[in-house]
Amino acid sequence: MSKQVQEQIVRGNARIVEAPVAQVVHRHQVDSDRNFEMPTALYAGTVGLYLAFLGVMFAGFGNPVLAIPMVIFATFIVAGFGVPAIWARLKDNETAPLTMGAFKGKGIMTNTGRLLPRDAAIQMLILPVLIVLWACAVVVIAALV
């Protein structure tokens, strides 16, 4: 709530003081794990499967007109995985991805509990594998029709 204090200042009941000098406190960003703990080989496998999808589609529907869109799609895929890879390697990130040996030894902790390495790899790679299989199916259907 605000009040008019002019009358109190005139009567001498109020004091005017200097504003306090703000101390500059440098806030440090909260340390965070930016690598998601998954081994680099699984990320590379995911990128490879998405690029394999583009390769199957380009091979099945090979048309010179599709070359530029396929290059654009490939660029988006590489950028979509490359930017987080760069983000995980920033200088203030003190953590590193698990090695395959450490990943095989202890698995990975998720929000719902610890996952075995096999289960984590299946969960990570199931969608890209299904997309590649779908591309193969589409190409086969197009070839037979």
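Which element gives the most to the lining of the largest pocket? That turns out to be H3, with five residues. The structure is a predicted model, in which local features need pLDDT of at least 70 and side-chain atom pairs count only at pLDDT 80 or more, while totals for chains, interfaces and linings use all residues. Residues are numbered from 1 along each chain as its sequence is written, and side-chain values use heavy atoms, with hydrogens and water left out.

To start with the overall layout, the chain has five helices and two strands, where helices (H or I, at least four residues) and strands (E, at least two) are DSSP runs numbered from the N terminus. Read from the N terminus, the order is α-α-α-α-β-β-α. Of the 145 residues in the chain, 19% are buried; buried means under 20% relative accessible area, exposed means over 50%, and partly exposed is in between (1.4 Å probe, protein chains only).

A pocket here is an open set of points on a 1 Å grid over the protein atoms alone, with protein on both sides within 12 Å along at least five of seven lines, and lining residues have an atom within 4 Å of a point. The lining has 15 residues, and Tyr 43, Phe 81, Pro 84, Ala 85 and Arg 89 are the closest to the pocket centre. Both H2 and helix H3 (67-88) supply at least two residues of this lining. Sorted by class, the lining holds ten nonpolar, three polar and two charged residues; Ala, Val, Leu, Ile, Met, Phe, Trp, Tyr, Cys and Pro count as nonpolar, Asp, Glu, Lys and Arg as charged, and the others, Gly among them, as polar.

H2 also packs against another helix. Helix H2 (residues 40-60) and helix H5 (residues 117-144) meet at an angle of about 5 degrees, with axes 9 Å apart. Axes are lines fitted to C-alpha atoms, for helices over the stretch in contact, and angles run from 0 to 180 degrees between N-to-C directions. The two helices are therefore roughly parallel (angles under 35 degrees count as such). Their contact involves 21 nonpolar residues, three polar and no charged.

The largest nonpolar core has ten residues, among them Val 47, Phe 53, Ile 77 and Val 139. Such a core is a set of buried Ala, Val, Leu, Ile, Met, Phe, Trp, Tyr and Cys residues joined through side-chain atoms within 4.5 Å. H2, H3 and H5 each give two or more residues to this core, and H2 gives the most, with five.

Ala 59 sits in helix H2 and counts as exposed at 63% relative accessibility. Between Ala 59 and Val 139 lie 8.6 Å, C-alpha to C-alpha, although they are 80 residues apart in sequence. Ala 120, in helix H5, is buried with a relative accessible area of 5%. Its C-alpha atom is separated by 9.6 Å from that of Phe 103, 17 residues apart along the chain. Phe 103 belongs to helix H4 (residues 100-106) and is buried at 2% relative accessibility.

Methods: Angles under 35 degrees count as roughly parallel, over 145 as roughly antiparallel, 65 to 115 as roughly perpendicular and the rest as oblique. On a 1 Å grid over the protein atoms alone, a cavity is a set of points where a 1.4 Å probe fits but cannot get out, and a pocket is an open set with protein on both sides within 12 Å along at least five of seven lines; lining residues have an atom within 4 Å of a point.
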